[in-house]
Amino acid sequence: MPSRSCANLLDMASGEILDIPQTPRALPRVMTVPGIIADGYGSNDGDSDSMSSSCRERKIIVANMLPLHAQRDTTAKKWLFSLDEDSLLLQLKDGFSPENEVVYVGSLKVDVEPGEQEEVAQRLLEEFKCVPTFVPHDIQAKFYHGFCKQQLWPLFHYMLPMCPDHGDRFDRQMWQAYVSANKVFADKVMEVVNPEDDYIWIQDYHLMVLPTFLRKRYHRVKLGFFLHSPFPSSEIYRTLPVRDEILKGLLNCDLIGFHTFDYARHFLSCCSRMLGLDYESKRGHIGLDYYGRTVYIKILPVGIHMGRLESVMNFSSTFDKAKEVQEQFKGKKVILGVDDMDIFKGISLKLLAFEYLLQQDQNLQGKLVLVQIVNPARSEGKDVQEAKRETYSTAERINQIYGRSNYEPVILIDRPVPRHEKTAYYAVAECCLVNAVRDGMNLVPYKYIVCRQGSPGMDDALGIKTDSPRTSMLVVSEFIGCSPSLSGAIRVNPWDIEAVAEALNVAITMSDSEKQLRHEKHYRYVSSHDVAYWARSFMLDLERACKDHYSKRCWGIGLGLGFRVIALSPSFRKLSIDHMVSSYRRTQRRAIFLDYDGTVVPQSSLIKAPSAEVITLLTSLSNDPKNTVYIVSGRGRKSLSEWLAPCERLGIAAEHGYFIRGSKMSDWECLASDLEWKPIVEPVMKLYTEATDGSYIEPKESALVWHHHDADPDFGSCQAKELLDHLENVLANEPAVVKRGQHIVEVKPQGVTKGLVAQKVLSMMVDSGKPPDFVMCIGDDRSDEDMFESILSSVSSPLVIAAPDIFACTVGQKPSKAKYYLDDTADVLRLLQGLANASSPKPRHTPHFQVAFDSVL
């Protein structure tokens with residue numbers, strides 16, 4: 001039974017289950033050709049995306065909320081809108097060329113009546129280049145306050161709903177609302193996008209299935225995604241019931257961005273464990289191969305807008321507030337904290353560390369103040385209320401124990417604090433403490449550093465000489481995204497109260513020269529890696545990731561949120577059985593090469609012996625006097641000869657061609673080679689087998705294979721890399737090669753490949769005066785690529801007068817040297833059945849080739 005979370009959710013999200021009112025009127029389409037407005041509703045075929053010739057490159061930024069302030073003028077009964085200058089979405093425009101047009105798609109922070117939505121939408125597009133989504137109120141509540149804030153946000157911050165009092169359990173209605181809201185966003189993007197020219201950049205965890213809707217509509221759309229929150233480890237993420245749908249949604253992007261390598265590593269581990277995808281570094285860029293498309297991973301923390309912060313720092317109101325704060329705390333050292341009120345910011349842990357510091361060092365009592373600015377909570381809930389109660393009770397206790405008539409150790413500022421006031425506190429504080437137990441990025445340390453750098457006006461207000469050295473000290477949690485970027489900060493485990501207290505003591509007692517060096521290092525980084533740098537770098541990588549979009553053929557497969565696009569070479573197509581049979585009938589000298597596992601026997605089958613159907617088909621084909629048929633496999637000759645014994649005239653190449661015979665009546669020929677390296681390899685493999693649970697060694701006559709498909713995916717892959725390096729070192733002077741395959745590491749003699757088998761058989765046919773006029777080769781894995789390459793080079797030999805019909809075919813739609821593909825083993829058997837039906841009857845005397853290796857070597 002198909003999963004309810006996947007099947008038909010695209011239809012569900014469009015309103016068949018959840019009632020989503022239609023947008024009053026579509027927004028104006030972009031004029032792509034003078035006088036012609038593109039309607040955007042064309043074929044879903046990936047090769048027929050809407051054609052456009054936009055004269056100006058556009059960036060479409062899609063986020064949950066638009067960078068706008070909205071207010072209702074009740075007197076005039078109209079809406080007042082203004083840009084939110086502090087919004088990251090607005091600030092990232094500085095990273096783009098002035099020639100670029102930037103369009104925003106997102107929701108407003110207010111509800112607009114349906115009768116006003118059309119007018120508001122038109123106005124926002126014309127005045128602010130903003131496209132409002134107008135998600136229905138009931139869906140918005142379940143989407144944002146429900147699935148996003150009650151399920152995704154806690155999970156991404158490592159909080160599991162172990163019991164009803166500790167988080168909300170998965171709610172399918174909220175998930176359906178999430179999908180529905182993402183569909184509304186997709187519809188709005190489709191109204192304004194030119195799929196061939198525009199770049200779409202999706203922001204954050206609210207819209208993780210949006211890429212699937214867009215990729216389904218436009219197969220070559222240019223899609224980037226940046227996650228501003230942490231991405232949890234696979235052990236945490238795997239608890240999400242809709243884990244696959246979200247992963248596949250993200251993989252429909254061309255570029256996925258994360259703040260830190262830890263977050264990216266967790267994402268890659270989830271892709272490996274749940275979807276079986278491996279990644280590799282391609283010229284410095286991490287790439288995942290996903291059905292022929294390369295999905296790139298970007299690791300770059302976001303920065304701050306230097307100009308915006310410096311302008312606020314030069315307000316006269318900022319100078320006045322800085323003087324006031326300086327006077328208020330004269331003779332005292334100020335430690336500053338600026339955090340949202342939620343359970344992940346660690347405010348109470350910070351207070352406990354400060355309390356411990358005062359308790360351990362009485363000399364600091366009366367001289368040290370912690371100013372904690374509490375930003376309004378972004379969501380309401382019992383967790384937030386509990387955090388607030390704990391924060392207030394702890395602060396009150398500290399003030400009662402250590403406070404005096406003129407000294408309050410902890411000052412809680414729990415109200416909306418204007419920018420100029422925060423800037424004043426940043427400028428005065430000697431140390432900034434960020435103690436979050438888990439946070440995606442946190443830009444508070446960056447803002448603190450810039451404010452401590454000061455300005456001429458701020459220096460004058462605080463009585464600081466312009467040429468005096470600048471200092472700052474940071475104590476930051478090791479669990480926040482900005483921590484790796486701040487190498488001069490004192491990193492702490494927020495749960496270790498004593499360690500945090502010690503770090504604070506070190507920070508406030510450090511010499512000024514040391515503080516200066518750390519500050520200068522931080523300021524260089526923060527000022528050069530600002531929000532413009534972040535946006536520009538991401539967009540350059542997105543352009544690089546999309547440059548090959550039109551060099552491949554694309555088509556979509558999969559239902560619902562399991563949809564994905566396959567991108568392969570333009571010449572790569574499915575093998576037509578009718579076309580193959582037609583060529584088969586008109587040819588007289590045929591060479592047929594078939595892999596075994598994954599080709600004539602399903603890879604997933606526990607029973608590896610061939611079925612009666614396979615035996616019948618192979619017998620029929622090999623009995624045709626016009627055919628030379630070989631099974632070419634990595635398996636040992638004993639099992640192959642037993643399983644295929646009924647096929648008397650079938651050729652077998654075992655162990656990738658180390659052993660070969662032309663028929664059951666022939667003797668086995670083997671490649672003369674030195675196997676003295678096997679005693680060297682076996683102890684090394686045993687060492688890794690003992691250290692890797694679930695791995696084992698498969699001994700062959702000519703090779704040794706280490707399997708790790710039953711081991712932990714990450715550990716098995718890591719051990720395979722180590723084993724590969726280890727064996728390459730010890731076998732450097734031995735006649736053996738080490739190769740890594742799908743969950744295996746194999747050591748075999750040099751020169752033994754399936755390609756050599758095909759080359760030898762074709763050469764024997766040419767030498768006997770019967771050059772092939774039909775060559776078919778079918779296989780499913782990397783080792784078969786040698787055969788595909790070999791038959792193409794062999795038939796291009798000058799000795800072959802007339803070029804034969806060549807059918808190199810891989811099993812499964814994936815990048816390959818083959819020109820054709822078949823979907824699965826069942827497809828292969830249907831093809832063989834068609835050829836068997838077209839075969840000649842069994843002859844009385846069937847000639848066969850006895851293949852020897854000496855002539856080829």
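**Questions about a predicted model**

Student: At 14% relative accessibility, does S233 count as buried or exposed?
Tutor: Buried means under 20% relative accessible area, exposed means over 50%, and partly exposed lies in between (1.4 Å probe, protein chains only). With its 14% relative accessibility, S233 therefore counts as buried.

Student: What pLDDT does the protein average?
Tutor: This is a predicted model, in which local features need pLDDT of at least 70 and side-chain atom pairs count only at pLDDT 80 or more, while totals for chains, interfaces and linings use all residues. Residues are numbered from 1 along each chain as its sequence is written, and side-chain values use heavy atoms, with hydrogens and water left out. pLDDT is the predictor's confidence in each residue, from 0 to 100. In this protein 90% of the residues score at least 70, and the average is 87.

Student: Over which residues does the pLDDT stay under 50, with 115 contacts beyond four places in sequence?
Tutor: Where pLDDT is low, the predicted coordinates should not be read in detail. A contact means heavy atoms within 4.5 Å. The stretch with those 115 contacts and pLDDT under 50 is residues 1-54.

Student: Which charged residue sits over the ring of Y158?
Tutor: A charge sits over a ring if NZ of Lys or CZ of Arg is within 6 Å of the ring centre and within 35 degrees of the ring normal. Y158 follows α4 and has a positive phi, near 70°. The charged end lying 3.8 Å from the centre of the Y158 ring belongs to R438.

Student: Where does α4 bend by about 45°?
Tutor: Helix α4 is mostly covered, with 14 of its 20 residues buried. The bend at a residue is the angle between axes fitted to the seven residues ending there and the seven starting there. For α4, the bend of about 45° is at C148.

Student: How many aromatic pairs does a search of the whole structure find?
Tutor: Rings of Phe, Tyr and Trp (its six-membered ring) pair if their centres lie within 6.5 Å; planes under 30 degrees apart count as stacked, over 60 as edge-to-face and the rest as tilted. Applied to the whole structure, the search finds 26.

Student: What is the angle between the planes of W153 and Y205?
Tutor: W153 and Y205 form a tilted pair with ring centres 5.8 Å apart. The angle between their planes is 35°.

Student: How many residues apart are W153 and Y205?
Tutor: W153 belongs to helix α4 (residues 137-156), while Y205 is in the loop between β8 (199-203) and α6 (210-217). Both W153 and Y205 are buried. This pair links distant parts of the chain, and the separation in residues is 52.

Student: What is the centre-to-centre distance for F156 and F231?
Tutor: F156 and F231 form a tilted pair, with 55° between the planes. Their centre-to-centre distance is 5.5 Å.

Student: Which helix holds F156?
Tutor: F231 is in the loop between β9 (222-226) and α7 (234-237), 75 residues from F156. F156 and F231 are both buried. The helix that holds F156 is α4.

Key: Helices (H or I, at least four residues) and strands (E, at least two) are DSSP runs, numbered from the N terminus.
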